[in-house]
Amino acid sequence: MPLPLIYHDDYSPPFPADHRFPMDKFRLLRDHLVDSGLTCDQALLRPELCPVDILALAHDRSYIERYIHGELSREDQRRLGLPWSEALARRTVRAVGGSLLTAEQALQHGIACHLAGGTHHAHYDYPAGFCIFNDLAVISHYLLAAGRVQRVLIFDCDVHQGDGTARMLHDTPDAITVSLHCQQNFPARKADSDWDIALPRGMGDSDYLQVVDEALNYLLPLYQPDLVLYDAGVDVHRDDALGYLQLSDAGLAARDEAVLRHCLGRDIPVMGVIGGGYSKDRQALAKRHGILHHSAARVLGYPQ
Ligand SMILES: [Zn+2]
C-alpha cells in the first residue's frame, strides 16, 4: 500500500518569526520528512486551492469572502490571532484543498497523511484560535453531499477541544465528532461533540493510550464509518508550549500507530492531519509532527 503525503510550498508563507503561531513548521516538517528518508520532494502530492463552493458547504459565504479579501472585523481578527496577508489567505484555502486531497487519497488507498490541516477551532462564520476555515467540517460535508461516504468519524486528539467542528457538524448525524482533549486547555467554554473525552491535566503516556484504545474499540464497531479523519495534534506533548498533557515522543508514536492500526485493521480508510503543536524550538516541533507520517509508514511495513 502506498503512503500518499500531501504538501504545498504555499503552506509556510512569510510570517513574523517571533509570532506565537509557528508558521514555518509546515516547511520544516517537509524538510524533516525528506531528510529522514521517508519521502522525496517529487513524491509529495500538491493540492489545488479549495473551490469557494466547497468551502461554502460548511461556511457562511460572506465570511469566506470577507476573509479572502482581508475584510474581517477587528473582533474576528482578535479571535483569530493571525495577521492577514494575501499569502496567508492563499495558504489557508490551499491547505483545505490539501485536506480534501488527503481524504480522496485515503479513500482510494486506505491511508494518506497531510503535512498540515486540523483547523478545528474555526466556526461557521468566524475564526478562532489560529483557525480560519475548518477543513474537518468542510471535508465531512463535501464527502457526504457527494455520496462518497455514508458516514465519517472525526477522531480529534489535539489537546484542545475541537469546538468548531463540534458546532459545525452538530446537525449532521452522519459526521460523528469525537474529541479527546485536556479539560483545562482552550477553549474555556466547550462545545458538545458527539463524544467528548475530557482528560485531566498532567496525564501521561500509559493512561492516555488506554483511553485511546478503549475509545476506538468502542466507537469504530459502533459507527462503522467509511472514513476516519484523524487529527494527530502534537500539543499533547510534555514539551508543548500550550498543552497541559504530558506525552513523550514514544507516547505520540504509540498513539498514532494505535489509531492507524485500529482503522486499517477494520478496513476503514483513515486520513491524518497534523493539528496543533507549539514550541519555540521549531526543529523539534517539526520532528514531533513527523511522528505521524513515520508511524503511518511503520504501520504499512516500510523499512525505517
Ligand atoms: Zn491544539
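**A zinc site and its surroundings in a predicted model**

The donors of the zinc ion are spaced along the chain as D-x1-H-x74-D. Here, donors are N, O and S atoms within 2.8 Å of the metal (3.2 Å for Na, K and Ca); water is not among the atoms, so sites may look incomplete. The structure is a predicted model, in which local features need pLDDT of at least 70 and side-chain atom pairs count only at pLDDT 80 or more, while totals for chains, interfaces and linings use all residues. Residues are numbered from 1 along each chain as its sequence is written, and side-chain values use heavy atoms, with hydrogens and water left out.

The protein donors are Asp158 (OD), Asp158 (OD), His160 (ND1) and Asp235 (OD). They lie 1.9 to 2.7 Å from the zinc ion. The four donor atoms subtend angles of 54 to 154 degrees, so the arrangement is irregular. Four donors count as tetrahedral if all angles lie between 85 and 135 degrees; four count as square planar and six as octahedral if opposite donors are over 155 degrees apart and all others between 65 and 115; anything else is irregular. Asp158 and Asp235 link distant parts of the chain, 77 residues apart. Asp158 is in the loop between strand S3 (152-156) and helix H7 (163-168). Asp235 is in the loop between strand S6 (227-231) and helix H9 (249-265). Helices (H or I, at least four residues) and strands (E, at least two) are DSSP runs, numbered from the N terminus. Both Asp158 and Asp235 are buried. Buried means under 20% relative accessible area, exposed over 50%, and partly exposed in between (1.4 Å probe, protein chains only).

Gly276 touches both of these aspartates. Contact means heavy atoms within 4.5 Å. Gly276 is in the loop between S7 and helix H10 (282-299). Gly276 is buried, with a relative accessible area of 5%.

Aromatic rings were examined next. Nine aromatic pairs are found in the whole structure. Rings of Phe, Tyr and Trp (its six-membered ring) pair if their centres lie within 6.5 Å; planes under 30 degrees apart count as stacked, over 60 as edge-to-face and the rest as tilted. Ring pairs link Tyr7, Tyr11, Phe21, Phe26, Phe130 and Tyr278 into a cluster. The charged end of Lys25 sits over the ring of Tyr278, 5.5 Å from its centre. Arg201 lies over the face of Tyr244, at 3.7 Å from the ring centre. A charge sits over a ring if NZ of Lys or CZ of Arg is within 6 Å of the ring centre and within 35 degrees of the ring normal.

Most residues other than glycine have a negative phi, and most peptide bonds are trans. Phe130 has a positive phi, near 70 degrees. Phe130 is buried, with a relative accessible area of 13%. Asp267 also has a positive phi, about 60 degrees. Asp267 is exposed, with a relative accessible area of 72%. A cis peptide bond joins Phe186 and Pro187, with omega about -5 degrees. Pro187 is in the loop between strand S4 (175-182) and strand S5 (195-199).

Conventions: Lists of a residue's contacts leave out its neighbours within four places in sequence.
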